Amino acid sequence: MSSFLIERLNSLEAYVPGEQPRDKKYIKLNTNESPYPPSPAVIAAVNGEEAADLRLYSDPTSKGIKSALAGLYGVDEKNVFVSNGSDEVLSFFFMAFCGTEVPVWCPEISYGFYPVFAGLYGTPYNAVPMEKDWSIDYRKFCSVDGNVVIANPNAPTGMTLSLCEIEEILKTNPAHLVCIDEAYVDFGAESALPLLKKYPNLLVVRTYSKSRSMAGARLGYAFGAPDVIADLEKIKYSTNPYNINRLTQKAGEAAISEQNYYDECCKRIIRDREYTAEELKKLGFILTPSKANFLFARHPEMDGETLYKRLRDRGILVRHFSLAAVSDYLRITIGAREECEALVAALKEILGELK
Ligand SMILES: *Cc1c(COP(=O)(O)O)cnc(C)c1O
């Protein structure tokens, strides 16, 4: 830390992304990326001709993506915000609607970036305790004195809230925003999008990083009431007007034309999630009922860090969190079928050594 950093940020603890190692080839089940490539139209869209146009600025309105998303999800373009990864729209949410003035309420165990944004913008942060089985009791988010941010499905537990529960949270907090982070919604949760017409305090945040196989393109989006979206636009034009680069705009628009391809990928991931969960249960693992593209699992006879290290030695990367409450757990991304099988085989070996 230099002597120049402003005092308020001295104690900021930055987000730590999952490792992206280059020392050797791993089976990467640690950052919830898709095992499948983007659809053919995406790959065709990011071509040499487009690269030549990189001398030009990108469209600051991201019109192409906005109208494609509006068409696919049946909303107006005025309801759509497009961001550089969903992390950016989450950052803008804290900047625009929380700041130092409005507290935020989040589940205690959730996406690690929420408390980081709160720290960055000086937002009073309320971590709401989880239930024993890692579920979220929606009643703890009703009539709170501030904004709410909940990932649904939640990360790293994969557990979901129902639409009725989310509606109760929206209904009881009419003077504040409720942000539902749907990064994993395509793997089996109910989207809150249908509630948008009834609740102007709803912001639904989505990403291309998981179910649309485009983590490296950095593309996120959000649905909200037109005035909420306009506020987010104001923040964007005050920080980074060209937030989506030209290649990502082409790719993001093309992806929407091939929804069937992505539905098929999600179906496979769901099938392989259920397969892997069953196999892990047979090995004695305890799992949450995940509706995401990952499993959250612990083994009663081996702690999370040991399991993580032994898998790593065998060329398989999973995510382990040092936070005490979840340090017994692994978060395991669902890869292609062969990768899931390799994981199960490696775990069999590792646990076999106990006997
Ligand atoms: C992965 C993830 C995001 C961020 O995704 P981007 O790559 O920035 O779009 C947001 N929220 C949750 C819960 C995530 O797991």
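Helix α3 (residues 63–73) packs against helix α8 (residues 246–256) in this predicted model. Their axes lie 8 Å apart, at an angle of about 20 degrees. Angles under 35 degrees count as roughly parallel. The two helices α3 and α8 are therefore roughly parallel to each other. The crossing of α3 and α8 is left-handed. On the α3 side, the contact uses Gly64, Ile65, Ala68, Leu69 and Leu72. These meet Thr248, Gln249, Gly252, Glu253 and Ile256 of α8. By class, five residues of the contact of α3 with α8 are nonpolar, four are polar and one is charged.

Helix α4 (residues 86–98) packs with helix α5 (residues 113–121) at an angle of about 45 degrees, and their axes are 9 Å apart. The pair α4 and α5 is therefore oblique. α4 and α5 cross in a right-handed sense. From α4, the contact takes in Asp87, Leu90, Ser91, Phe94 and Met95. From α5 come Phe113, Tyr114, Phe117, Ala118 and Tyr121. Eight residues in the contact of α4 with α5 are nonpolar, one is polar and one is charged.

Asp87 leads on to the ligand. Asp87 belongs to the contact of α4 with α5, and Asp87 is also among the residues around the ligand. A polar backbone atom of Asp87 lies 3.0 Å from an oxygen atom of the ligand. Tyr184 places a polar side-chain atom 2.5 Å from a ligand oxygen. Thr207 likewise has a polar side-chain atom 2.5 Å from an oxygen atom of the ligand.

How values were computed. Residues are numbered from 1 along each chain as its sequence is written. This is a predicted model: local features need pLDDT of at least 70, side-chain atom pairs count only at pLDDT 80 or more; totals for chains, interfaces and linings use all residues. Side-chain values use heavy atoms; hydrogens and water are left out. Axes are lines fitted to C-alpha atoms, for helices over the stretch in contact, and angles run from 0 to 180 degrees between N-to-C directions. Helices (H or I, at least four residues) and strands (E, at least two) are DSSP runs, numbered from the N terminus. Angles under 35 degrees count as roughly parallel, over 145 as roughly antiparallel, 65 to 115 as roughly perpendicular and the rest as oblique. A crossing is left-handed if the near helix is turned anticlockwise from the far one by less than a right angle, and right-handed if clockwise. Contact means heavy atoms within 4.5 Å. Ala, Val, Leu, Ile, Met, Phe, Trp, Tyr, Cys and Pro count as nonpolar, Asp, Glu, Lys and Arg as charged, and the others, Gly among them, as polar. A residue is near a molecule or strand if one of its heavy atoms lies within 4 Å of it. A polar contact is a pair of N or O atoms within 3.5 Å; within protein, one must be able to donate a hydrogen and the other to accept it, and residues adjacent in sequence count only if both atoms are side-chain atoms.
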